[in-house]
Amino acid sequence: MSFHRSALLLATSTFLLMQAPVFAQSTKPLVEDAVVVAEKYSLMEGVVTKVDARTRTVVLKNDQGETQFVAPKSVKNFAQIKVGDQLNITFEIGVAVELLNSKGNIRSEKQTTTVSSANSGEKPAGSVANTTTVITDVMEIDKAKRNISVKGMDGEIHVVHVKNKKLFNQIELHDQIKVIYFDEMKAVVSAPKK
């Protein structure tokens, strides 16, 4: 078993399967006229082949072989994990862009983190989502690549690809835009399908 996979499973078992308060129902930005570009990756998928309640060890099997990890005490609902259950860990990232009807030099940045988990007695599940909303000025436009360059709060220039051609054609130099970056890691233990 590789160190990377071990670290991933340990991190996942530590913060994604634990009982935590639910702070929000949705982590996707709800921005009118925004264009969202999102990608979803499957980080880990496997079937539970062994559960040792005494040592809190779970063994998973997938196409790459077997992997085991020890769930810390913070993992709630551990007793609900059964042999044959499916574990899926996914990671989703995305960007939403909205053109604001103003010009100026006002820049702002807001970051939020949302943590959710399964209710007591349910199969372990949870997610951690981060959202960063930046209002900034368009510093450069690359018409050939449909990219805009914006200045972040850190003073660095960041390039954002605008997928929607109609929206891109409306953006002018020094326009203010809202850019929402989001990412979410989710782990779900589910019973096998019958």
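Tutor: Start with Thr-136, which has a relative accessibility of 1%, so it counts as buried because the cut-off for that is under 20%. Keep in mind that this is a predicted model.

Student: Which strand does Thr-136 lie in?
Tutor: Thr-136 is part of strand 6.

Student: OK, zooming out. How many helices and strands does the protein have?
Tutor: Two helices and nine strands. Along the sequence, the pattern reads α-β-β-β-β-β-β-β-β-α-β.

Student: And how much of it is buried?
Tutor: The protein has 194 residues, and 39% of them count as buried. Its accessible surface is about 11,400 Å², with 53% of that belonging to carbon and sulfur atoms.

Student: What about contacts? What share comes from residues 24 or more positions apart?
Tutor: That share is 71%, taken over the contacts with a separation of 6 or more.

Student: Now, confidence. Where is it lowest, and where is it highest?
Tutor: Helix 1 (residues 3-15) is the lowest, with a mean of 40, while strand 2 is the highest, at 91. Across the protein, pLDDT averages 78, and 78% of the residues score at least 70.

Student: Over which residues does pLDDT stay under 50?
Tutor: Residues 1-34. The model has 82 contacts beyond four places in sequence for that stretch.

Student: Good to know. Let's look at a loop. Where does Arg-146 lie?
Tutor: Arg-146 lies in the loop between strand 6 (125-142) and strand 7 (147-151). Its phi is near 60°, which is a positive value in a residue other than glycine.

Student: Is Arg-146 buried, exposed or partly exposed, and why?
Tutor: Partly exposed, because its relative accessibility is 26%, between the cut-offs of 20% and 50%.

Student: Which residues is Arg-146 in contact with, leaving aside its neighbours in sequence?
Tutor: Skipping neighbours within four places, Arg-146 is in contact with Val-160, His-161, Val-162, Lys-163, Asn-164, Lys-165 and Phe-168. As for His-161, its C-alpha is 6.0 Å from that of Arg-146, and they are 15 residues apart in sequence.

Student: And Lys-165, where is its place?
Tutor: In helix 2 (residues 165-170). Lys-165 has a relative accessible area of 52%, so it's exposed, as the cut-off is over 50%. Lys-165 and Arg-146 are 19 residues apart in sequence, with 7.7 Å between their C-alpha atoms.

Student: Which other residue has a positive phi, near 65°?
Tutor: Asn-77, which isn't a glycine either. Asn-77 is found in the loop between strand 3 (65-70) and strand 4. With a relative accessible area of 15%, Asn-77 is buried.

Student: What about Gly-84? Where does that lie?
Tutor: Gly-84 also lies in the loop between strand 3 and strand 4. At 23% relative accessibility, Gly-84 counts as partly exposed. Leaving aside neighbours within four places in sequence, Gly-84 is in contact with Val-47, Val-48 and Pro-192.

Definitions and conventions:
Residues are numbered from 1 along each chain as its sequence is written. This is a predicted model: local features need pLDDT of at least 70, side-chain atom pairs count only at pLDDT 80 or more; totals for chains, interfaces and linings use all residues. Side-chain values use heavy atoms; hydrogens and water are left out. Helices (H or I, at least four residues) and strands (E, at least two) are DSSP runs, numbered from the N terminus. Buried means under 20% relative accessible area, exposed over 50%, partly exposed in between (1.4 Å probe, protein chains only). Contact means heavy atoms within 4.5 Å. Accessible areas come from the Shrake-Rupley method with a 1.4 Å probe; for residues, only the protein chains shown count as cover. pLDDT is the predictor's confidence in each residue, from 0 to 100.
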